[in-house]
Amino acid sequence: MSSGVHAALVPGGVIGNGRYRLLAKSGADARSNAELWRARDGQLNRDVALTVLLGDLADNDSAARARRTVERAMHAASFTHPGVSRVIDVLTPGTGIRPDEGILGIVIAEWTQGTDLMDLIAEGPLPAGAATRLLEPLGAAIEGAHHAGLVLGADHPQRIRVTSDGRLRLAFPGPRPDAIARDDVKGLGAILYLLLTGRWALPGGPQGVPVAPTGPDGSVVAPNALHPYLPHDLSSVAVRSLEDTSVGGIRTSAAILQVLDQIAAEEAQTSLIPAVAASRDDDDQVVWTTQRPRQDKQQKKKLWISVGVLALATLTVIVWLSVQIVGFFSDEPSKGGGPTVVINQPGSNGQTAPPPAPAGPVQPAAIGVYDVTNQPDNPNQASRAADNNATTFWRTDNYFQQFPTLKPGIGLMASFAEPVKLASITITSPSKGTHVEIRAASALDSPIEETKVIGVADLSDGQTQIQLNEHEPTAHVLIWITQLTSTGGGKNQSEIREILYTRAQ
């Protein structure tokens, strides 16, 4: 690329056969070798958004990719939605671009008044309600485009702007040549993740933006693991949108929109307020900001002291529990990439489980929450489901959507001191209609597809006895919930108060 090209791509430079004067650079998408500019159309005397595709015309591969991006943007010109800036025109070498400019294509779209998305989150993450209200119009635009057979390319934060009335909008259209609808869904999840955490969770993000943390298996850490006050459903939909797995991954924008609608309905108090900000551009004075609670130094000092004390106490409890359960699992092999199982010790009044009897009730040595998404529901309550006390209980999180929208299911994994053959399991629960599967597992962290169904039932309000099919003795038995009980108001939740395991003769 010649130095003349670089000289033109600066504020005040003119491109597109002298028609577009560059005003300010909004960002760059390195994946497409594209620069994003606000420019002035000298012929029509209006501001426009330019997606400028750079490269050497002699590089056939780069030229072909740029041509494909321009063609896809032109196809999307017929699609109109408030969440997408309208494509006005496209230029290619020989049709509005001089061959010596070092530009392989330009997508011209109407300019979006407001502010850059990156400026909005510069002061920190947004409250859940603000994030949902911002994201819904963009999600609706993606859903509409996909129904029309179009891909928008809404998978880079610098392509997004915040309108003056508080909506996220794809301001710089032009999908990558190989982008598919799945990439738009991932982009929507990544933008939600960015709003909630201030971190970007996809490859090829802007320089200077922190990268989302990942766990040992490479999966992105859930937003509510970073900020526990965030709603579980909103946190879950952000990470599930990013995953390509067939189990539990969210693959459509419609599923995301359902959760956004529910969260928005829950948020009675708005977090967005219009504010007039000083701006160099007379027509861009209205932006949206967020109200964030402020703490004085004394409050912050007290908070850190409390956190330190809590962390020390938690560490002490963890060490004690580790010593208690290590004997039961010292012979279990370690497996990476499996489901999360958070173990609790059951027992009545702190007593250890009785030795197994030849027949009749048998107490598990340990019980924990089994979850394939690494976001177990209330793991500290699991032991209450097998403590011989029906007044205590384990309860799932509250879900706005039934399984498998956010995850395929949730369960309780019981582990016995030795392999047992069970005749039945009796579940005490007030959650009528909860559908459960009883599954035998070969190991504590067996993938769900490697477990064997040995019984199914819909729970009644009270006790439900589930007779089990013939099976080999096993040391691990999973109660797998695949349908929750609707509790009204669009919420779904199930509760288990006691589980009785009965050994076969």
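A salt bridge here means a side-chain nitrogen of Lys or Arg within 4 Å of a carboxyl oxygen of Asp or Glu. The model is predicted, so local features need pLDDT of at least 70 and side-chain atom pairs count only at pLDDT 80 or more, while totals for chains, interfaces and linings use all residues. Residues are numbered from 1 along each chain as its sequence is written, and side-chain values use heavy atoms, with hydrogens and water left out.

**Salt bridges**

Searching the whole structure turns up 21 salt bridges. Here are some of them.

| Pair | Closest N to O distance |
|---|---|
| K25 and E35 | 3.6 Å |
| D155 and R31 | 3.0 Å |

Start with K25 and E35, whose closest N and O atoms are 3.6 Å apart. K25 sits in strand β2 (residues 20–29) and E35 in strand β3 (residues 34–41), so this contact ties together parts 10 residues apart in sequence. Helices (H or I, at least four residues) and strands (E, at least two) are DSSP runs, numbered from the N terminus.

How exposed are the two partners? Buried means under 20% relative accessible area, exposed means over 50%, and partly exposed lies in between (1.4 Å probe, protein chains only). On that scale K25 is partly exposed at 44%, whereas E35 is buried at 16%.

Next comes D155 with R31, at 3.0 Å between the closest N and O atoms. This one links distant parts of the chain: D155 is in the loop between α4 (128–147) and β9 (160–163), R31 is in the loop between β2 and β3, and they are 124 residues apart. D155 is buried, with 5% relative accessibility, and R31 is partly exposed at 24%. Both also belong to a network of salt bridges that links D29, R31, D155, R159, R176, D178 and D183.

In the R439 and E437 pair, R439 is buried at 13%, and E437 is buried too, at 15%.

Strands of a sheet pair through backbone hydrogen bonds, either parallel or antiparallel. In this model, two strands pair if DSSP finds at least two bridges between them. An open sheet of seven strands runs in the order β1-β2-β3-β4-β7-β5-β6, with mixed pairing. Its edges are β1 (14–15) and β6 (96–97), each with a single partner strand, so one side of each has no neighbour in the sheet.

Which way do β2 and β3 run relative to each other? They are antiparallel, joined by eight bridges. K25 has W37 as its bridge partner in β3, while its salt-bridge partner is E35.
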